[in-house]
Amino acid sequence: MHASNAFNADVLPFNLLDEDEYSLLQDNLDIAYYQASEVIISTGDVPEGLYIILKGCVSELDVKNADQRRGHTFVHYTNDDYFGAWSALRGSAIHDFIADEETICYILPTKILLDLIFRNPHFGDFFNKNLSLKNELLEQKNDSLNMTEFMLARIDSSCMRDASLLPHGSSLEDATRFMNEQQVDCALVQRGKRYGMVTGTDLLNAIVLDKLPVTTDVQAIANYRLITVESGDYLFNALILMTLHQIDRVVVMQSSELHGIIDLADTLSYFSSHSHVVGLRIERATSIDELKAAAGDMGNLIRSLYAQGVKVRFAMDLLAALNQRLMAKLFNLVVPESVLPHVCLVMMGSEGRGEQIVRIDQDNGLIIRDSLDWPECQQTMEYYTQTLVDLGYPRCPGQVMVNNPFWVQPLSEWTQRMRDWVAKADSDSLLNLAISIDAHAVAGNKALFKTSRNWLLRELQQQQRFLTSFAEVALVFETPLNFMGGIRDRAAGIDVKKGGIFPIVHGVRVLAMQYQVAETNTYKRIESLIKLGVLPPRLASELMESFSILQWFRLAHHLQQQEQDCTPEELNNDINLESLDRLEKDLLRQSLQVVKDFKKHLSLRYRLG
């Protein structure tokens with residue numbers, strides 16, 4: 001029976017089709033009716049094509065023999081869901097598809113499906129069951145770069161370099177030494193009211209090619225035809241000027257006074273990621289107020305990266321690096337220089353793994369050299385913690401912070417406590433160890449941390465009983481899938497952290513501990529475990545893709561909550577299924593299935609349950 005009603009193409013993957021492709025689909029759709037318990041596709045059969053449910057419910061089953069009417073249910077399909085595509089492309093079905101109730105389906109013949117896949121690669125990618133391809137499609141949904149922020153960026157100290165002015169009467173030799181000491185590749189000279197620029201290339205050409213004596217006055221080779229911009233002008237205008245005049249630098253003036261220099265590389269970095277400016281502000285900060293301005297920019301950077309469709313892993317790496325630089329810079333500002341060689345600041349938990357995108361809370365500790373006498377330690381760490389709060393990093397509800405003496409210990413005590421936690425293996429010990437094993441040194445004497453970490457990794461290799469207890473923690477939270485393979489919805493939503501992210505993070509953490517992998521980042525741990533032959537490559541690849549997808553859902557949810565003026569303390573991880581489209585639901589379900597398979601892998605490896 002030919003379809004008489006207009007087909008709804010507003011849902012994925014059909015909204016990927018253009019007008020002509022949609023017409024082809026519409027002209028070739030059939031419609032079929034199935035009674036409850038009727039077999040739509042049998043194992044081994046050649047399907048008619050792609051089935052799209054107009055009304056009803058269909059189960060995908062693994063039926064072992066002809067007499068068995070019900071086998072293992074992989075998933076249920078309901079209104080607007082499709083099934084049978086993979087079977088049609090493969091040429092035969094490997095599962096049964098049975099109507100659970102009276103069901104009406106559109107049928108798109110295999111020949112037309114293949115034609116559309118050939119015409120439209122994005123449409124074809126959607127039917128591939130590889131998570132990475134669907135993850136690409138998910139990220140492409142947010143690939144529209146919001147250029148407004150960058151187009152309207154103003155020229156200020158955050159995007160320019162200080163102007164290095166050579167002393168009057170400097171020779172070529174003096175200029176070379178000056179630029180080496182200042183670590184700059186250009187400098188300015190002043191002749192009356194005019195400024196000239198000298199670059200490293202100018203000096204090299206003057207001495208090597210023109211054979212000028214090194215005592216020559218540098219003013220003789222300076223370029224006085226400078227292109228200038230005014231402070232407060234649009235940064236994009238500076239980029240246009242550099243492109244128009246084929247130059248790498250413009251001089252910034254303010255009311256006829258020299259203000260700074262804008263470099264082409266810096267400008268391109270700004271327009272490509274905006275991260276360079278944040279990092280530059282952190283590095284140049286000489287006060288808490290300047291650090292606060294840099295920290296404020298990071299929230300905008302997160303939203304920009306998300307809007308650009310930057311992959312979650314790369315966004316996490318970038319933001320982790322900026323967070324680490326900010327934490328270290330603040331530490332160096334508040335801790336006396338004489339104390340720095342004798343202490344080590346560590347970031348722990350998700351901060352230590354470099355996986356905290358939206359700032360949630362602080363997780364840090366301090367390792368102290370055994371012989372250090374520092375009476376002001378507690379006062380300084382209180383100030384450090386409160387300053388981080390002022391910068392937008394809330395206090396940790398579990399008090400895992402350097403203002404808590406429990407997490408500020410001499411090296412010997414820090415190591416002994418981890419030995420005790422391994423020996424006890426009770427709930428508190430396992431929690432503390434899970435926090436501290438992800439520690440990453442960010443400031444001070446990092447050798448103190450490495451000494452403790454290396455001891456722990458060697459010690460744990462012999463503790464199979466402890467590793468079994470530790471691995472059980474990965475199974476604490478239930479995977480939110482029902483027995484039919486669908487997502488188990490709750491009124492509060494799906495907690496992607498407990499149900500998906502945590503089992504991956506902790507399971508990979510246990511394997512990394514057992515095999516002495518020093519990396520703390522979950523992606524890098526998985527990559528190391530592949531090289532060691534600990535994880536099968538296919539499972540490892542699916543774990544990384546699923547981890548990215550789950551983190552993407554979490555980030556999108558947090559940004560949405562922030563738009564609703566939620567404070568960091570109010571952010572949660574509960575995803576509302578009704579807010580997701582078909583692709584997103586499909587990716588979430590498949591990712592959770594990978595989590596479930598990984599938990600089975602851990603159960604077999606460590607003989608759990």
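Which residues have the most contacts inside the largest nonpolar core? They are Phe331 and Leu366, in a core of 135 residues. A nonpolar core here is a set of buried Ala, Val, Leu, Ile, Met, Phe, Trp, Tyr and Cys residues joined through side-chain atoms within 4.5 Å. Helix 22 gives the largest share of this core, twelve residues.

The model is predicted; local features need pLDDT of at least 70, side-chain atom pairs count only at pLDDT 80 or more, and totals for chains, interfaces and linings use all residues. Numbering runs from 1 along each chain as its sequence is written, and side-chain values use heavy atoms, without hydrogens and water.

Start with the whole chain. It holds 23 helices and 19 strands. Both are DSSP runs numbered from the N terminus: helices are H or I with at least four residues, strands are E with at least two. Of the 609 residues, 50% count as buried. Buried means under 20% relative accessible area, exposed over 50%, and partly exposed in between, with a 1.4 Å probe and protein chains only. Among contacts (heavy atoms within 4.5 Å) with a separation of 6 or more, 71% join residues 24 or more positions apart.

Confidence comes next. pLDDT is the predictor's confidence in each residue, from 0 to 100. The chain averages 83, and 88% of the residues score at least 70. Residues 65–69 stay under 50, with five contacts beyond four places in sequence. Residues 143–148 also stay under 50, with seven such contacts.

Leu366 touches Phe331, Trp374, Met381 and Trp414, among others, not counting residues up to four places away in sequence.

Helix 22 spans residues 537–563 and holds Arg554. Arg554 is buried yet has no salt bridge. A salt bridge needs a side-chain nitrogen of Lys or Arg within 4 Å of a carboxyl oxygen of Asp or Glu. The nearest side chain of opposite charge, Asp495, is 7.1 Å away. Lys and Arg count as positive, Asp and Glu as negative; His and the chain ends are not counted. The Arg554 side chain does make a polar contact with the side chain of Asn573, at 2.7 Å. Beyond four places in sequence, Arg554 is in contact with Val496, Lys497, Ile501 and Asn573.

Two loops close the tour. Ser256 lies between strand 12 (249–254) and strand 13 (257–263). Its phi is near 70 degrees, a positive value in a residue other than glycine. Most residues other than glycine have a negative phi. At 63% relative accessibility, Ser256 counts as exposed. Gln516 sits in the loop between helix 20 (496–514) and helix 21 (522–531). Its phi is also positive, near 55 degrees. At 33% relative accessibility, Gln516 counts as partly exposed.

Definitions and conventions
Polar contact = N/O pair within 3.5 Å; in protein donor to acceptor, adjacent residues only side chain to side chain.
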